[in-house]
Amino acid sequence: MKSAPALPTVDFSLLTNLKDRMDAFTVEFDKFFIAGREQLRKEKNDFAAGMAEDSSQQKALIQAIEKTKIDQHELLEVMQNERAEVQEVRASISEYSKKQESLSGHKELLEGQISEVEEILAKKRAAMHIKRQELASQHAKNRPELQAWESQLGLRIETAGTDLLRFTFTRVDEKDPDRPCRMIVDVSGPDYDVTECSPSLPAMESMLTELNSSRDFSAFLKVTRQAFKSACRI
């Protein structure tokens with residue numbers, strides 16, 4: 001703001017009388033008043049323009065602040081969403097890692113079980129091979145006697161399925177020599193087992209125990225024939 005114009009100075013010594021001096025003072029005062037009024041109007045206009053500019057700047061500043069608040073709110077939401085996504089991804093990675101560890105452990109367990117099963121099967125195959133060799137040896141040993149039994153004593157041997165042998169005895173029932181007495185022997189396992197027997201023989205369990213202990217199949221057939229004879233007499 002400019003300073004107000006200074007009051008005019010009048011050299012009264014130059015005037016010859018009071019009227020001239022008053023007129024001169026009036027003229028100078030009018031000039032001072034006009035200059036002061038113009039200065040005041042200019043300052044008022046400058047102040048109004050400054051206020052308008054300040055108001056415009058204030059509005060722009062308020063708008064900028066509001067926009068900044070909105071941007072901050074949106075940025076906060078984005079950050080929260082990204083944080084949630086990061087946590088979700090971390091949780092997924094953790095779950096996947098746990099599943100992978102579980103599957104790895106399960107795989108090792110299965111591989112161990114497979115190895116155990118393969119070992120068991122190998123042992124069973126070896127036992128079956130030994131069993132078949134024993135049966136072949138026993139069959140060769142008993143063949144002459146079995147042939148005699150088939151021709152003279154009425155014993156017929158035939159297969160009844162995989163690893164099953166059917167033994168049919170005739171000439172057992174004195175009242176009906178053609179009556180068949182049958183039993184089916186399972187030779188698949190390490191021990192012999194009788195799956196069917198007609199007529200039923202109460203002593204079959206003890207007879208099987210003796211057979212599996214002695215491995216003497218010929219003696220077992222003799223005992224079985226005698227047991228069938230006893231059953232037919234009842």
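**Figure 1. Contacts of Phe-220 in the predicted model.** In this predicted model, the residues touched by Phe-220 are Met-183, Val-194, Met-204, Met-207, Leu-208 and Leu-211, with residues up to four places away in sequence left out of the count. Contact here denotes heavy atoms within 4.5 Å.

**Figure 2. The largest nonpolar core.** This core has 21 residues, of which Phe-169, Met-183 and Phe-220 touch the most other members. Two or more residues are contributed by each of β2, β3 (181–186), α2 (204–214) and α3 (217–233). Helix α3 supplies the largest share of the core, namely six residues.

**Figure 3. The hairpin of β1 and β2.** Strand β1, residues 155–161, pairs with strand β2, residues 164–169, in the antiparallel sense, and six bridges connect the two. Within this pairing, Thr-159 is placed opposite Leu-165 of β2. Two residues lie between the strands of the hairpin, and Asp-163 adopts a positive phi near 60°.

**Figure 4. The pairing of β2 with β3.** Strands β2 and β3 run antiparallel and are joined by six bridges. Thr-168 has Arg-182 of β3 opposite to it. Strand β3 is largely enclosed by the rest of the structure, because five of its six residues are buried. Buried refers to a relative accessible area under 20%.

Figure 5. Strand β4 comprises residues 193–198 and pairs with β3 in the antiparallel sense over five bridges.

Figure 6. Ile-34 is located in helix α1, which spans residues 18–153. The relative accessible area of Ile-34 is 43%, so this residue is classed as partly exposed. That class lies between the limits of under 20% for buried and over 50% for exposed residues.

How values were computed
Residues are numbered from 1 along each chain as its sequence is written. This is a predicted model: local features need pLDDT of at least 70, side-chain atom pairs count only at pLDDT 80 or more; totals for chains, interfaces and linings use all residues. Side-chain values use heavy atoms; hydrogens and water are left out. Two strands pair if DSSP finds at least two bridges between them. Helices (H or I, at least four residues) and strands (E, at least two) are DSSP runs, numbered from the N terminus. A nonpolar core is a set of buried Ala, Val, Leu, Ile, Met, Phe, Trp, Tyr and Cys residues joined through side-chain atoms within 4.5 Å. Buried means under 20% relative accessible area, exposed over 50%, partly exposed in between (1.4 Å probe, protein chains only).
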